[in-house]
Amino acid sequence: MVPYFSQECFTRSSFLPIFHPILLFPLLFSQLLISSQLFKITSLIDCSTSLVLISGLLLSLFKSPTKKPSASSSKSMSSPPLILAWGKERYQFRWSEDDLRQITLGQLKEVCREATGVPVSAMKLIFSGATMKDDSSPLIYYGVYPGSVMRLVGSKSGDSASQLSNEELEQQALIEKLDEIITETTDLALQKVRDFILNIQMYIDQFHGEESLNHDFEIKSIKQKERKILFDTYLYINEILMKRLLMADAIISPPGLDHIRTHRRKVVRQIQEWMNQIDEAKKRVLDLEESEKLELIEARISKNKM
């Protein structure tokens, strides 16, 4: 469709190159009318103004709408999920660091209410052993980061939650603290423990296997560097596990609360199991080194006897 323009728009020869040749006749006629002063300069101004308004209207029609930031953007999808633990239930939120700078605690509580059904007035959110209280503060203010684990305390019945005694609330807090310790330990150390055991096996196959070339000077130098890396990793993992073990031991169960004592025993046993695994892996290397030393001594003694 050819856009319609009023005759006033064609009173200047500078417009000629952009229109169809069939329009030259009215343009020439317009040039003749200029001499009779039927068209004045004000008409040109009105024409220009009309063109600007029409152009602005067309641009506004074809302009793409502005998109609001979404929690499922490519940046947030690449971040580890924020985990909300409520009893045995686990909820994940894909939020980036930028999202955590904008989302307030009050907004998070509304999200938790929709996900769990727990009323906002009956819920308590715990992170790193501390209760988050200021609803107007962003989550980044509490140190929350992508991959964090938060605890939700509360029940769907607001009345029953409000009727809990101080002793029951204290017991619930102890259980939540133990769950937080084991969850953080799992996130920090479990994969490192597995990688350490795998790397120990690779080290043994490479430098203590039947086809190893430990007599070469360069091989010995590489072996020493790899051994140092492995043993430094052992110290790092052991430090993480020991710190969490002490945190679990520091939780004292009140008298008569066997379920809390049992829960703490499970947490301690699991951490000790991971510590035993890296200890056994390290011991394999030490045993092989000791065995090789004894074989070398026996070989020298046999050589001297000959």
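Core and salt bridges in a predicted model

Q: Leaving aside neighbours within four places in sequence, what is Phe196 in contact with?
A: This is a predicted model. In it, Phe196 is in contact with Leu230, Thr233, Tyr234, Ile237, Ile278, Ala281 and Lys282, once neighbours within four places in sequence are left aside.

Q: Which residues touch the most other members in the largest nonpolar core?
A: Phe196 is one of them, along with Ile200, Leu241, Val267, Ile271 and Ile278. That core has 31 residues.

Q: Which helices each supply at least two residues of it?
A: Helices α7, α8 and α9 (258-305) each do.

Q: And which gives the most?
A: Helix α7, with twelve residues.

Q: What other core lies apart from that one?
A: One of 20 residues, including Leu84, Phe93, Leu105 and Leu152.

Q: Switching to charges: how many salt bridges are there?
A: The count comes to eight.

Q: Which side chain does Glu184 meet in a salt bridge?
A: That of Arg244, at 3.8 Å from N to O. Glu184 lies in helix α7 (residues 166-207) and Arg244 in helix α8 (residues 217-249), so this pair ties together parts 60 residues apart in sequence.

Q: Is Arg244 buried or exposed?
A: Arg244 has a relative accessible area of 12%. The limit for buried is under 20%, so Arg244 counts as buried.

Q: What about Lys109, what does its side chain meet?
A: The side chain of Asp135, in a salt bridge of 2.9 Å, N to O.

Q: Lys109, buried or exposed?
A: Buried, with a relative accessible area of 9%.

Q: How many residues apart are Asp232 and Lys228 in helix α8?
A: Four, so about one helical turn separates Asp232 and Lys228.

Q: Is Lys228 buried or exposed?
A: Lys228 counts as exposed, at 54% relative accessibility. Asp232 is at 37% relative accessibility and counts as partly exposed.

How values were computed:
Residues are numbered from 1 along each chain as its sequence is written. This is a predicted model: local features need pLDDT of at least 70, side-chain atom pairs count only at pLDDT 80 or more; totals for chains, interfaces and linings use all residues. Side-chain values use heavy atoms; hydrogens and water are left out. A salt bridge is a side-chain nitrogen of Lys or Arg within 4 Å of a carboxyl oxygen of Asp or Glu. Buried means under 20% relative accessible area, exposed over 50%, partly exposed in between (1.4 Å probe, protein chains only). A nonpolar core is a set of buried Ala, Val, Leu, Ile, Met, Phe, Trp, Tyr and Cys residues joined through side-chain atoms within 4.5 Å. Contact means heavy atoms within 4.5 Å.
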